[in-house]
Amino acid sequence: MEHTKHLWRALLLVLVFTALGRRSHEHGVTLAGVAETAWPFIAGASTGWLLAGVIRLEPMSAPFGAVVVAGGVIIGMLLRQVTGAGTAWSFVLVATLVLTSIASSFSARNGITRVAVRFLAFKAQSLRNRVR
């Protein structure tokens with residue numbers, strides 16, 4: 001269930017990114033406006049998250065994140081296109097970079113955590129060996 005917490009954090013970051021983007025483009029930061037801009041990416045990233053789970057990728061791994069990003073960008077842009085919202089190449093590029101950075105921050109942190117846990121386990125074993 002730890003990875004579910006990461007999903008909620010990632011979705012929150014998508015909302016923050018959306019609000020910042022709307023503010024910088026002077027579209028107004030309203031709840032309805034943010035929801036209107038963010039929903040395709042939330043739907044796409046959530047679909048990618050579910051797909052990554054169905055094909056049993058290790059949660060928070062790089063392949064898992066890649067599937068989530070691909071879902072967010074591909075499905076998100078398709079939904080924007082279908083609904084008449086813009087899909088300019090610069091927007092696709094920025095959305096891809098932001099979704100990638102959000103996903104990689106979670107998988108990198110998870111990787112760092114694994115390294116730290118292994119290091120601590122090694123140190124604990126070293127201390128046990130000294131005590132014996």
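Analyst: A nonpolar core is a set of buried Ala, Val, Leu, Ile, Met, Phe, Trp, Tyr and Cys residues joined through side-chain atoms within 4.5 Å; buried means under 20% relative accessible area, exposed over 50%, and partly exposed in between (1.4 Å probe, protein chains only). The model is predicted: local features need pLDDT of at least 70, side-chain atom pairs count only at pLDDT 80 or more, and totals for chains, interfaces and linings use all residues. Residues are numbered from 1 along each chain as its sequence is written, and side-chain values use heavy atoms, with hydrogens and water left out.

The largest nonpolar core has 11 residues: Ala10, Val14, Phe41, Val69, Val73, Met77, Ala95, Val98, Leu99, Ile102 and Ala103. Helix 1, helix 3 (62–82) and helix 4 each give two or more residues to this core, helices being DSSP runs of H or I, at least four residues, numbered from the N terminus. Helix 4 supplies the largest share, five residues. Ile102 touches Ala10, Leu13 and Val14, leaving aside residues up to four places away in sequence; contact means heavy atoms within 4.5 Å. Another core, of nine residues, lies apart from it and includes Leu11, Ala45, Trp49 and Val68.

Confidence is expressed as pLDDT, the predictor's confidence in each residue, from 0 to 100. The chain averages 79, and 77% of the residues score at least 70. Among the elements, helix 2 (residues 31–54) has the highest mean pLDDT (90) and helix 4 (residues 89–131) the lowest (66). Where pLDDT is low, the predicted coordinates should not be read in detail.
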